[in-house]
Amino acid sequence: MGDYGEGRRGDELPRVFLLVVLAGVVFSTYASYLFYLQVIRGGEFQRKAVTISRQIERLPAQRGEIYDRNYNLPLVLNVDSFALLVVPAEIPGDMRDTVFAKLAVLLEEPLDEIRRRIPPSSYRMFQPLELESSVTQSVIVNIAERIDEFPGVSWYSRPKRNYLDTGSFSHIIGYVGNISRDELKIYYNRGYQTGDILGKAGIERQYDSVLRGVDGRQYKTVDVRGRRVDAGIRDVEPPLMGKNIVLTIDRPTQILAEKALGERIGSVVVLKPASGEILALVSYPSFNANLIVEKGGNNEYARLLEDTRMPLIQRTIQSSYPPASTFKTIMTAAIIEEKSIPLDETILCSGEINYGDRVFRCWIRKPGHGRLDLAGALAQSCDVYFWEVGRDKLGIERIVSYAREFGFGLATGIDLPGEVSGFVPTPQWKERRFHEKWLGGDTLNMAIGQGYLLTTPLQLADMMAMVVNEGVIYKPHLLKEIRDPRDGSIVTKTVPEVLLASSISKDTFKKTKEYLRGVVVEGTARYPVNTKAVTIGGKTGTAEVGLHDRWHSWFVGFGPVNATDPEDVIVVVAMIEASNPWEWWAPYATNIIFQGYFEGQTFEEAASALGLLGKTISAGARVE
Amino acid sequence: MMASIKNLAKSMDWVIVLAICILMVIGILFIYSSGVTSAGDIVSTEYTKQIVWAVSGLLLMFACVLVDTKRVVDYIPIIYGFFLLVLVYTRFFGKVVNGARSWLNVIGDYGIQPSEFTKIAAALFLARYLDRSAHEPSSFKRFAVSLAIVAIPMGLILLQPDFGTALVFIPLYLAMAYVGGINRRYLLSLIITGGITIVLTVMPLWQKIIVAKPSLLLRILYERPYVIYTLLVAVSSLVLSLLGYRFFKKKYYYGTAFASMIFTLGLGLSLVGQRLLKEYQIMRLVVFLDPSVDPLGSGWNILQSITAIGSGGVSGKGFLQGTQSHYRYLPQQSTDFIFSIISEELGFLGGIAIFSIFFLILIRLALSIRNIRNVFSSTFVSGIFGIILFHFIINTGMAMGIMPITGIPLLFLSYGGSSLWTICIGVGLSIGISARKFDS
């Protein structure tokens, strides 16, 4: 304790002295100011406190509307609806029971529910409580006519969302709901309040800050008990309506794609590769957003959550699958770019190869495709060709690096919440995850898009966009423009943003396109993709999953093949999950979409032109 | 043991204890008042919880009087480190209250705010350092290290982000460093830098909202890219001055180097501040400059509070008779604006009584270190002094409309356990220190 003996007395006293002076100065200043406030100006404040005061009322802003790319009919409207408020202290004690009972009848709620929402602890409060957030005009009229029977009851306009198009549109647009306690904690600092409406899913959530607008305020002059003194003097700060959003979605194309998919669990993406604009994004099963925003929407939400088909999942971006043979597109580009094998050199497919202690069977089984060069192998989707070249010439490292080059394993950054990024396996990953070495068999699986490789349908659309654009993927997006709600002028416009730029040569992409055209002209897609409306290139895919005699069915196509204007080209991805009865529907769905889009036909017209209306395709054998 | 407790009881400062008890009783009475509506219904049971907090706080205070700080001095770094860890834990797993992740639930409704207790830990650790380094030859190193001891927990609290609680570390540091003999020049430059930072942080919003026509010249202080050029000019003037001082050894260069360093730091930090602070936080400072800018947002609170206090008059409206509070015009009556209710209902006489009791506590704390010889004890007590004075200045000043709204409670009076416990611990240790000053 020797250290503590040291004295610094000479210098200590003035330092402590300053603290005393500081406290003294604060004390005297504050005491004088308090004297000034309470004694000198006391009378003035006393009058002010007793007579009048100002109260604020919130005027909620209208939420912005949402349009499709044609900007003619809104996809979402605001309809008249009211929030019902109660100032508990304004209900006289002896009238409370009758008022509650009448409210219960009008709102069709049990009396206990009303009592729960206006708890006894609030009976003396002058702050309004929100009793119900969406009440129809007729109920309000009913109350207004007999307003003296409802002391303390008031209302304000609170437009409700009405989704004009539901089904696959609901997945894109999403829905709104009351802000939850947890959300409020997070968004408190961004100006959100209790009772706010907030986007919960889809575009409504993604662009909530654009759509919500700014609430207005109305000031009332009231006496100290909160009673309005002079109704004449009212200051109003008008609310600012939220901005309107124009989507890249094309309503007719979306409906066409939705019907082309039909009631099959799966999804469809229609993308403009030249800009990344999404024309259609369909996922089935879907839901009806109106049922969620309406009264009792929680029950509907719970029902959707329990549905084993998972209708709340936006399958185009929130599910990932093995891309199967569609992956041969990337393999083809890699083989051409790396010059792994002369393009005209053929490899013999005898229907199967032996590797390690396993037999790997080409989908066509014995006796196989015979001798095929690269163009033929892609057209016939020959597994043996890609196995041998992938294993012996390319190697797993390069396959992985090309898969990444095309954006696999990377979120596309689409402006919707909840996107998953798929997965590209690597030997290092397998070692870490399973403590097992990467085997040649794993490379064989990877070469035909099976095994651990996972992609979302949107990522496959991006893969095809890379080929079409010859080396660039534009970030896929749904927001086309933000428009001012008053005069419709454009506030901001989304400009195409490069997501990935590849170093692969343009010649490679040109060659790949030519081979993809071959798939449709003389390959596996020859019969199902037979529309004459446009020239199409593309690739089929059939992924093995656990289910017996059922496969995921893919088709990734683009067209027109030799477009003069890149803006004309669209990429279509169709994905049908294996849980559906097997009918190899993806190429047929794509066929209908191309036919309808380029001929300007509805689904019914396009399907009947192709002879596919009301027809289910039963493919006896598995086709790649 | 018993004998030493008897000795302690004889030599400890009972006046402070009594003053604190009076404040706590007044606090509980007016927390009760804040929970009563105009019709006489009790709508809040906060006062019962406050009784629990106050009684436990007093017990805690007595327990701390018994602690001989000299004997625990070796454990202080562990305590300090522990609270830093708790702060980090709270940042990630704490409960979010009003946008800040600052609470840990202990039992049911009784949550605690670890950032409060960190004040004591930091004060102890800083006192220990100032004591050990009293003979450190480099006065700048002593300044830098001591500043870091306080800045680390303060930074962690800012990350929560709890602006109000973090602020308290500033007076804590200034009081302790000043009494602990840190070179006054450093402290002065710290204060000036802080002042410049605050002014420059608020300036953009202030210009936008209060001054209708922004001054063109001032825009170079916050508008990109001009502010970058200004910063570059300041930095180069600093470098030139330093070079001048190095080669010509003129006092003149020392002055310019000093001035440009302070300005550079202030400007740089204000840019950081504008990034870190939310607009509503800066807005509160602007509103403080002119409450009429936002008469219905935070300006509303200030105006209502001033009206409540002013209407109290000389002798007040009487207990439970206040109109502003019972018609619920006042926000956060039991915490931030407790002083408004007290002065509305007890008037100027009541208000001045509260002021006097605080003044009494402060003076007795300051005088108790008058003849304490070791740096550890004197700096720690000064730190507690700084905390109490700062809470008092900000909270009552806010209620009277002469300080910005920061959400800092009025110690001993406001509802809440963490800040009460903290100050009880701090005061308890301080009483113990002064009671033992003639020991050994």
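Chain A has a mean pLDDT of 86, and 90% of its residues reach 70 or more. Where pLDDT is low, the predicted coordinates are not to be read in detail.

Turning to the strands of chain A, an open sheet is built from 6 of them, arranged in the order 7-3-2-12-20-21 with mixed pairing. At its edges lie strand 7 (160-163) and strand 21 (490-493) of chain A, each of which pairs on one side only. Strand 21 of chain A runs antiparallel to strand 20 (residues 479-483) of chain A, and 3 bridges join the two. One residue pair to look for here is Arg483(A) with its bridge partner Ile490(A), the latter in strand 21 of chain A.

Helix 17 of chain A spans residues 396-405, and its buried residues include Ile399(A), Val400(A), Tyr402(A), Ala403(A) and Glu405(A). After helix 17 of chain A comes Gly407(A), with a positive phi near 90°.

Positive phi values also turn up in chain A at residues other than glycine. Ser381(A) has a phi near 55° and sits in the loop between helix 15 (374-380) and helix 16 of chain A. For Glu470(A), phi is likewise near 55°, and the residue belongs to the loop between helix 20 (457-468) and strand 19 (472-474) of chain A. Are these residues buried or partly exposed? Ser381(A) counts as buried because 27 other C-beta atoms lie within 10 Å, and the cut-off for a buried residue is 20 or more. Glu470(A) counts as partly exposed because it has 17 C-beta neighbours inside 10 Å.

Two peptide bonds in chain A deserve a look as well. The bond from Tyr284(A) to Pro285(A) is cis, with omega near 0°, and Pro285(A) is placed in the loop between strand 14 (277-284) and helix 11 (289-293) of chain A. Gly559(A) and Pro560(A) are also joined by a cis peptide bond, with omega about -5°. Pro560(A) is found in the loop that links strand 24 (551-559) and strand 25 (570-576) of chain A.

Chain B contains 18 helices and 3 strands. Its 440 residues include 45% that count as buried. Of the contacts in chain B between residues at least 6 apart in sequence, 69% join residues at least 24 apart.

One helix pair of chain B can be followed residue by residue. The axes of helix 17 (residues 375-399) and helix 18 (residues 418-435) of chain B come within 10 Å and cross at roughly 145°, and the crossing is left-handed. Helix 17 of chain B contributes Ser377(B), Phe380(B), Val381(B), Ile384(B), Ile387(B) and Ile388(B) to the contact, while helix 18 of chain B contributes Ile423(B), Gly426(B), Val427(B), Leu429(B), Ser430(B) and Ile433(B). Sorted by class, this contact between helix 17 and helix 18 of chain B has 9 nonpolar and 3 polar residues, with no charged ones.

Key. Residues are numbered from 1 along each chain as its sequence is written. Chains are lettered from A and ligands numbered from 1 in the order in which they are written. This is a predicted model: local features need pLDDT of at least 70, side-chain atom pairs count only at pLDDT 80 or more; totals for chains, interfaces and linings use all residues. Two strands pair if DSSP finds at least two bridges between them. Helices (H or I, at least four residues) and strands (E, at least two) are DSSP runs, numbered from the N terminus. A residue is buried if 20 or more other C-beta atoms lie within 10 Å of its own, exposed if 12 or fewer, and partly exposed in between; C-beta atoms are placed from the backbone. Axes are lines fitted to C-alpha atoms, for helices over the stretch in contact, and angles run from 0 to 180 degrees between N-to-C directions. A crossing is left-handed if the near helix is turned anticlockwise from the far one by less than a right angle, and right-handed if clockwise. Two residues are in contact if their C-beta atoms, placed from the backbone, lie within 7 Å. Ala, Val, Leu, Ile, Met, Phe, Trp, Tyr, Cys and Pro count as nonpolar, Asp, Glu, Lys and Arg as charged, and the others, Gly among them, as polar. pLDDT is the predictor's confidence in each residue, from 0 to 100.
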